[in-house]
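Here is a short tour for a first look. Keep the sequence and the 3D view side by side as you read.

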Amino acid sequence: MAEILVLAEHSGETVKKVTCELLTIARGFGEPAAVWVGPGAEAGRERLAEFGAVKVYVADGDDLDDYVVAPKAEVLAALMAAKSPAAVLVAATPEGKEIAGRLAVKTGSGVITDAVGLAPGADGPVAEQSIFGGAIIVQSRVTTGTPIVAVRPNSAPAEPAPAAAELEQFAVEVSDAAKTAHITERVVQERGERPELTEAAIVVSGGRGVGGAENFALIEKLADSVGAAVGASRAATDAGWYPHQFQVGQTGKTVSPQLYLAVGISGAIQHRAGMQTSKTIMVINKDPEAPIFELADFGVVGDLFTVAPQLTEEIEKRAGS
Ligand SMILES: Cc1cc2nc3c(=O)[nH]c(=O)nc-3n(C[C@H](O)[C@H](O)[C@H](O)COP(=O)(O)OP(=O)(O)OC[C@H]3O[C@@H](n4cnc5c(N)ncnc54)[C@H](O)[C@@H]3O)c2cc1C
């Protein structure tokens, strides 16, 4: 069976959930082989094995770890030349998409980014993409070279299927051109208990309707009652009510959770672009004409200051009972 290369997203030792999702998707097309760039492969191996990586190609060394994305594209290009995989999957994160683009140029292959699904086809994998700000769904297939597909987090559930995850060292001589952007410092961001925004199964987002930074406590409380990540519209982040890193939308993060709860958000096209592929969308908004209701699977027309606390209270009551 042909190999499918899956670039592992990791934090040195912890494998990100999206990689487990990609391994699950890859099993539908061939034999998943993870690609681990940087140190920590031994620590990550168990999780890669759990989700079906038959092999783990390990490219380690200062040349790889101290520079931004370009060396990763070179590693993947060298692996493509050596192993002739049937496809290469990366996470559709900003870094993953840049790697995918560089890899496509290096190998003369077609690339698809922001796939929200991937299914086998007679002539290779067929990707589903959500385009024009999420207004249209298209099916796409790479027709030149080896398909390189960047898949959005949460596009498929991660399903365990144990495999060997045999480690294989893969040495790559990184070019000088790939070393022009050097990492000078790494600062580990303080993280609370909440899940990472783009990986969370549930996201609760607040918008201008929340009315102020202090009121975001309401959104956080609701999010915490269901183990969700907190997001925000640009109106809220631009006003300084919530940090920009939590902005959802065209110029913020793209999320595709099982459940997206929009609170006091009108549903501008730029916001939709970042959340429209969520599996279920719930809305709390006092304006029944708000465009966000067009997307909603469930909606409450009401004042968020009344509805959100009641919802939190009810969830906490049920969780406690
Ligand atoms: C180039 C460009 C890029 C952009 N990128 C992004 C992006 O990435 N993400 C993004 O979000 N936006 C983005 N925007 C901005 C976007 O166009 C909207 O301005 C923004 O999304 C509006 O945010 P909002 O829905 O929170 O605010 P509003 O549109 O003001 O909506 C607030 C909503 O809250 C409701 N409300 C008010 N009070 C209450 C209450 N007490 N209870 C219940 N409901 C209440 C109102 O009925 C209203 O529907 C971008 C714009 C441009 C031009």
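This is a predicted model: local features need pLDDT of at least 70, side-chain atom pairs count only at pLDDT 80 or more; totals for chains, interfaces and linings use all residues.

## One face of helix H2

H2 spans residues 41-50. Which of its residues are buried? They are Ala 41, Gly 44, Leu 48 and Ala 49. Seen down the axis of H2, these buried residues fall within an arc of 145°, so they line one face of the helix. An α-helix has 3.6 residues a turn, so residues three or four places apart point the same way.

What do the buried residues of H2 pack against? Their partners are helix H1 (17-26), strand S2 (31-37) and strand S3 (55-59).

## Thr 19 in helix H1

Thr 19 sits in helix H1. Is Thr 19 buried or exposed? Its relative accessible area is 0%, and buried means under 20%, so Thr 19 counts as buried.

Leaving aside residues up to four places away in sequence, Thr 19 touches Val 6, Leu 7, Ala 8, Glu 9 and Leu 48. Leu 48 is also one of the buried residues of H2.

## The nine-stranded sheet

An open sheet is built from 9 strands. Their order is S7-S6-S5-S8-S4-S1-S2-S3-S9, and the pairing is mixed. At the edges lie strand S7 (136-141) and strand S9 (166-169), each pairing on one side only. From one strand to the next, the twist averages 40°.

Strands of a sheet pair through backbone hydrogen bonds, either parallel or antiparallel. In which sense do S3 and S9 pair? They pair in the parallel sense, over 4 bridges. Tyr 57 has Glu 168, in S9, as its bridge partner. H2 packs on the sheet and touches S2, S3 and S9. The direction of H2 makes about 155° with that of S2.

## The second largest pocket

Now turn to a pocket. The second largest pocket has a volume of about 490 Å³. It is lined by 27 residues. Which of them are the closest to its centre? They are Arg 208, Ser 233, Gly 264, Ile 265 and Ser 266.

Several elements contribute to the lining. Helix H7 (234-238), helix H8 (269-272), strand S13 (280-285) and helix H9 (304-320) each supply at least two residues of the lining.

Terms used: Residues are numbered from 1 along each chain as its sequence is written. Side-chain values use heavy atoms; hydrogens and water are left out. Buried means under 20% relative accessible area, exposed over 50%, partly exposed in between (1.4 Å probe, protein chains only). The arc is that of the directions from the helix axis to the C-beta atoms. Contact means heavy atoms within 4.5 Å. Two strands pair if DSSP finds at least two bridges between them. Axes are lines fitted to C-alpha atoms, for helices over the stretch in contact, and angles run from 0 to 180 degrees between N-to-C directions. On a 1 Å grid over the protein atoms alone, a cavity is a set of points where a 1.4 Å probe fits but cannot get out, and a pocket is an open set with protein on both sides within 12 Å along at least five of seven lines; lining residues have an atom within 4 Å of a point. Grid points are joined across faces, edges and corners, and a volume is the space filled by probe spheres set on the points.
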